[in-house]
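Subject: Structure handover

Hello,

Here is the structure I promised to pass on. Please open it beside this email and follow along.

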Amino acid sequence: MTESRAAEDGRRDLAAMIVPLGRALMAAEAPVLSAHDMSMWAYSVLLALGEEPVRTQNALAQAIGADKTRIIGVLDGLQERGLIERRPDPGDRRVRLLSLTPEGRRVRDSVQAGIRERENRLLARLPAADRAAFLRALRTLSSLPEEEIVDPASPRRRSD
């Protein structure tokens, strides 16, 4: 988009709007995470495990966008706190299966409730219809595979 075109529609680039918002949201989450003695990576692990009974460490790392060696320390800390269990896969002893403990679910749910409370205060600044549309659009865009975002000219499904 040329400078004159950007000035015409008054819109900044998406990344220029989303990145500062993302940073501010992460800063807003920090006190909630701190109150639970939780890092963002640890919380990401608890969210990614969800209600799934088990996942491999490699699949978990891929799901949260982390290097599999980077999350080992995070998993160690969560296991020491009794928030997750790691056990060998009966089918392949080299693979570790992960699951949330009941305490892990409780902590995850408590952190998520605190974060949602802060998000809801922010979202309350939007009229209800705008809030619903914003969340719907955000869900749609955030669920796109990265390659469709990087090369939108060749998406699997077009809206036009």
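Below are the main findings, starting with the core.

One caution before that: this is a predicted model.

**The core**

The largest nonpolar core holds 24 residues. Those with the most contacts inside it are Met 38, Val 45, Leu 46, Leu 60, Leu 78 and Ile 84. Several elements supply at least two core residues each: helices H2 (14-35), H3 (40-49), H4 (57-64), H5 (71-80) and H6 (102-123), plus strand E2 (92-100). H3 gives the largest share, six residues.

Take Val 45 as a place to look around. Leaving aside residues up to four places away in sequence, Val 45 touches Leu 60, Ile 64, Val 74, Leu 75 and Leu 78.

**The strands**

Strand E1 covers residues 84-89 and runs antiparallel to E2. Six bridges join E1 and E2. The two strands form a hairpin, with two residues between them. Asp 89 stands opposite Asp 92 in E2.

Look next at the loop between H2 and H3, where Asp 37 is found. Asp 37 is not a glycine, yet its phi is positive, about 50°. Is Asp 37 buried or exposed? Asp 37 counts as exposed because its relative accessibility is 61%, and the cut-off for exposed is over 50%.

**Salt bridges**

Side chains of opposite charge can pair when their charged atoms come close. A search of the whole structure finds six salt bridges. Three are worth a look.

- Glu 103 and Arg 106 meet through their side chains at 2.7 Å, N to O. Both lie in helix H6, and because they are three residues apart, about one helical turn separates them. Glu 103 is partly exposed, with a relative accessible area of 33%. Arg 106 is also partly exposed, at 47%.
- Asp 109 and Arg 108 form a salt bridge at 2.9 Å, N to O. Asp 109 is partly exposed at 39% relative accessibility, whereas Arg 108 has 6% and so counts as buried; the cut-off for buried is under 20%.
- Glu 119 and Arg 116 meet at 3.6 Å, N to O. Both sit in helix H6, three residues apart, about one turn of the helix. Glu 119 is partly exposed at 25% relative accessibility. Arg 116 is partly exposed too, with a relative accessible area of 46%.

Over to you.

Best wishes

Note on methods: Residues numbered from 1 in each chain as written. Predicted model: local features only at pLDDT ≥ 70, side-chain atom pairs only at ≥ 80, totals over all residues. Heavy atoms only, no water. Core = buried A, V, L, I, M, F, W, Y, C linked by side-chain atoms within 4.5 Å. Buried < 20%, exposed > 50% of the residue type's maximum accessible area, 1.4 Å probe, protein only. Helix = DSSP H or I, 4+ residues; strand = E, 2+ residues; numbered from the N terminus. Contact = heavy atoms within 4.5 Å. Pairing = 2+ DSSP bridges. Salt bridge = Lys/Arg side-chain N within 4 Å of Asp/Glu carboxyl O.
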